[in-house]
Amino acid sequence: KPPIYAGRVVVDPLSRAWVQRHVDAGDPSTYDLFDRAGSLVRTITLEHGKRVVGFGSGSVYVVAYDEFDLNYLERYALPAG
């Protein structure tokens, strides 16, 4: 597998690219955040079965899947720099 998912790089309102890593089945979702210069700013880990789908004013939107494959939209505060 490639190191990241194709089509899963999203950019937040702070101009940081969120790059989702491939992880082993059952492991938490992991995102590396890069600034405009391409420097790694931080790493974000979400619970297994969750992924970033978009951003709002000061928020990050995440889809969570349950054991029945039902989808739930969750909103969290956008992490600072």
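## Tyr-5 and strand β1

Tyr-5 belongs to strand β1, which covers residues 4-11; helices (H or I, at least four residues) and strands (E, at least two) are DSSP runs, numbered from the N terminus. The model described here is predicted: local features need pLDDT of at least 70, side-chain atom pairs count only at pLDDT 80 or more, and totals for chains, interfaces and linings use all residues. Residues are numbered from 1 along each chain as its sequence is written, and side-chain values use heavy atoms, with hydrogens and water left out.

With a relative accessible area of 27%, Tyr-5 is partly exposed. In this scheme buried means under 20% relative accessible area, exposed means over 50%, and partly exposed lies in between (1.4 Å probe, protein chains only). Leaving aside residues up to four places away in sequence, Tyr-5 touches Gln-20, Arg-21 and His-22, where contact means heavy atoms within 4.5 Å. A separation of 7.9 Å lies between the C-alpha atoms of Tyr-5 and Val-19, which are 14 residues apart along the chain.

## The four-stranded sheet

Four strands form an open sheet in the order β1-β2-β3-β4, and their pairing is antiparallel. From one strand to the next, the twist averages 25°; axes are lines fitted to C-alpha atoms, for helices over the stretch in contact, and angles run from 0 to 180 degrees between N-to-C directions.

Strands of a sheet pair through backbone hydrogen bonds, either parallel or antiparallel. Two strands count as paired if DSSP finds at least two bridges between them. Six bridges connect β3 and β4 in the antiparallel sense, and Ser-29 is placed opposite Leu-46 in β4.

## The aromatic cluster

A pair of aromatic rings is described by the distance of the centres and the angle of the planes. Across the whole structure, a search finds two aromatic pairs. The edge-to-face pair of Trp-18 and Tyr-31 has a distance of 6.0 Å centre to centre and an angle of 65° between the planes. This pair links distant parts of the chain, with Trp-18 in strand β2 (residues 17-21) and Tyr-31 in strand β3 (residues 29-34), 13 residues apart. Rings of Phe, Tyr and Trp (its six-membered ring) pair if their centres lie within 6.5 Å; planes under 30 degrees apart count as stacked, over 60 as edge-to-face and the rest as tilted.

Trp-18 is buried, at 2% relative accessible area, and Tyr-31 counts as buried at 1%. Trp-18 also forms a tilted pair with Phe-55, at 5.3 Å centre to centre and 55° between the planes. This second pair again links distant parts of the chain, from Trp-18 in strand β2 to Phe-55 in strand β5 (residues 50-56), 37 residues apart. Trp-18, Tyr-31 and Phe-55 make up one aromatic cluster.

## Salt bridges

Side chains of opposite charge can pair when their charged atoms come close. There are four salt bridges in the structure, each defined as a side-chain nitrogen of Lys or Arg within 4 Å of a carboxyl oxygen of Asp or Glu. One of them joins Asp-12 to Arg-16, with the closest N and O atoms 2.7 Å apart. Both Asp-12 and Arg-16 are buried.

Lys-50 meets Glu-47 in a salt bridge of 3.9 Å, N to O. Lys-50 counts as buried at 13% relative accessibility, whereas Glu-47 is exposed at 56%. Lys-50 forms a further salt bridge with Glu-74, the closest N and O atoms being 3.0 Å apart. The latter pair links distant parts of the chain, since Lys-50 lies in strand β5 and Glu-74 in strand β7, 24 residues apart.

## The β6-β7 hairpin

Strand β6 (residues 59-65) runs antiparallel to β7, and seven bridges join the two. Glu-74 in β7 has Val-62 opposite. Five residues lie between the strands of this hairpin, in which Asp-69 takes a positive phi near 65°. Strand β7 (residues 71-77) lies largely in the open, because the number of its seven residues that are buried is zero.
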